[in-house]
Amino acid sequence: MRHFLRPLFDRVVVKELEPDRIRQSGLLVPAGSHEPPPQHGIVLAVGTGLDWWEGAGITMPVKPGDHVVFPASAGAWVEVDEERLLVCRVGELLGVLDEVADEVPA
């Protein structure tokens, strides 16, 4: 049986992404022993927010599927069904990475 971690209140569940070791130049960067933990991930689930948010017109700023950036000190890492997940407050996230189309010079 698989499990689903449902975050409470203003928390989110994030699946870590492995850092991209191939740079745009094609150079492969090997993993180092003093490498910081992953700081990018995909949001798997979001909580309902805090009880006063609805009255203030505030909604959760992220949704499942968003690619987010977070500091190394964010939240707590938990293991669910052998998968390492970050559970943190939405306020700990630094931002959402959106893809932007390259502009073609005129």
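Visitor: Is Glu16 buried or exposed?

Guide: This is a predicted model, in which local features need pLDDT of at least 70 and side-chain atom pairs count only at pLDDT 80 or more, while totals for chains, interfaces and linings use all residues. Residues are numbered from 1 along each chain as its sequence is written, and side-chain values use heavy atoms, with hydrogens and water left out. Buried means under 20% relative accessible area, exposed over 50%, and partly exposed in between (1.4 Å probe, protein chains only). Glu16 has a relative accessible area of 16%, so Glu16 is buried.

Visitor: Which side chain does Glu16 meet in a salt bridge?

Guide: A salt bridge is a side-chain nitrogen of Lys or Arg within 4 Å of a carboxyl oxygen of Asp or Glu. Glu16 meets Arg84 in this way (3.6 Å, N to O), linking strand 1 to strand 5 across 68 residues; strands are DSSP runs (E, at least two residues), numbered from the N terminus. Arg84 is partly exposed, at 37% relative accessibility.

Visitor: How many salt bridges does the structure hold?

Guide: There are four, including the one between Lys15 and Glu83, at 3.1 Å from N to O. Lys15 lies in strand 1 and Glu83 in strand 5, so this pair ties together parts 68 residues apart in sequence.

Visitor: Which residues touch the most other members of the largest nonpolar core?

Guide: A nonpolar core is a set of buried Ala, Val, Leu, Ile, Met, Phe, Trp, Tyr and Cys residues joined through side-chain atoms within 4.5 Å. Of its 13 residues, those are Val12, Val14, Val62, Val68, Phe70, Val90 and Leu93.

Terms used
Helix = DSSP H or I, 4+ residues; strand = E, 2+ residues; numbered from the N terminus.
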